[in-house]
Amino acid sequence: MLKYIGKRLLAMIPVILGVTLIVYLIMSLAPGDPARTILGEQATEEQVAQLRSEMGLDQPIIVQYFRYIWNLMHGDLGRSYQSRIDVSTEIFSRFPNTIKLALTASLFSVILALPLGIIAAVRQNTFFDSFSMFVAIIGISCPTFWFGLILILVFAVNLKWFPVSGQ
């Protein structure tokens with residue numbers, strides 16, 4: 001069993017490297033200059049060139065990628081372009097709220113799904129059983145980001161129960 005787990009973990013390494021390479025290349029092809037975005041439109045070309053040099057954006061893309069992977073392996077996720085704070089600090093500052101949200105969603109889903117599943121099992125082959133199965137399949141099949149947008153549209157925009165932006 002440990003040998004199997006070890007093989008699977010080793011097989012993950014090229015997959016992770018491949019995914020990071022593809023994402024990194026796609027992001028590098030995106031329009032815009034990060035240095036220009038950080039400094040704004042009123043910055044001079046010298047200031048932009050200096051920031052590009054400080055950030056290593058003047059290096060070839062493959063050198064930038066390997067530096068990114070090296071830093072990532074050492075726990076350095078870089079700095080946020082907007083807040084200029086370490087990304088790991090930004091992530092960990094939001095982690096408690098993420099845990100609260102995940103636990104609340106899990107609790108809500110268990111409280112809702114358990115009684116509905118029991119009722120559907122007791123009333124097999126009825127409309128309630130078919131409907132609950134339909135809702136469960138839709139819930140599993142629906143991408144969470146899309147479902148989240150739909151919930152925002154319904155509860156924040158249409159019903160105005162919650163603020164749209166969280167403010």
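**Exercise 1. Describe the course of helix H5, giving its bend and its reach.**

Helix H5 bends by about 40° at Phe 95, and a proline, Pro 96, follows within four residues; the bend at a residue is the angle between axes fitted to the seven residues ending there and the seven starting there. This model is predicted, so local features need pLDDT of at least 70 and side-chain atom pairs count only at pLDDT 80 or more, while totals for chains, interfaces and linings use all residues. Residues are numbered from 1 along each chain as its sequence is written, and side-chain values use heavy atoms, with hydrogens and water left out.

For the next step, take the ends of the helix. Helix H5 covers residues 87-122, which is 36 residues, and it reaches 50 Å from its first C-alpha to its last, close to the 52 Å expected at 1.5 Å a residue. The expected span is 1.5 Å times one less than the number of residues, and helices (H or I, at least four residues) are DSSP runs, numbered from the N terminus.

**Exercise 2. Work out which partners Glu 90 has, and whether Glu 90 is buried or exposed.**

Begin with the place of Glu 90, which is in helix H5. Glu 90 has a relative accessibility of 19% and therefore counts as buried, where buried means under 20% relative accessible area, exposed over 50%, and partly exposed in between (1.4 Å probe, protein chains only).

Next come the partners. Leaving aside neighbours within four places in sequence, Glu 90 is in contact (heavy atoms within 4.5 Å) with Ser 83 and Ile 85. The side chains of Glu 90 and Ser 83 also make a polar contact at 2.6 Å; such a contact is a pair of N or O atoms within 3.5 Å, in which, within protein, one must be able to donate a hydrogen and the other to accept it, and residues adjacent in sequence count only if both atoms are side-chain atoms.

Glu 90 also forms a salt bridge with Arg 94, with the closest N and O atoms 2.7 Å apart; a salt bridge is a side-chain nitrogen of Lys or Arg within 4 Å of a carboxyl oxygen of Asp or Glu. The two residues are 4 apart in helix H5, so about one helical turn separates them. Arg 94, at 48% relative accessibility, counts as partly exposed.

**Exercise 3. Classify the ring pair of Tyr 24 and Tyr 65.**

The whole structure contains 6 aromatic pairs, and rings of Phe, Tyr and Trp (its six-membered ring) pair if their centres lie within 6.5 Å, with planes under 30 degrees apart counted as stacked, over 60 as edge-to-face and the rest as tilted. The ring centres of Tyr 24 and Tyr 65 are 5.7 Å apart and their planes stand at 65°, so this pair is edge-to-face. Tyr 24 belongs to helix H1 (residues 2-29) and Tyr 65 to helix H4 (residues 61-73), so the pair ties together parts 41 residues apart in sequence.
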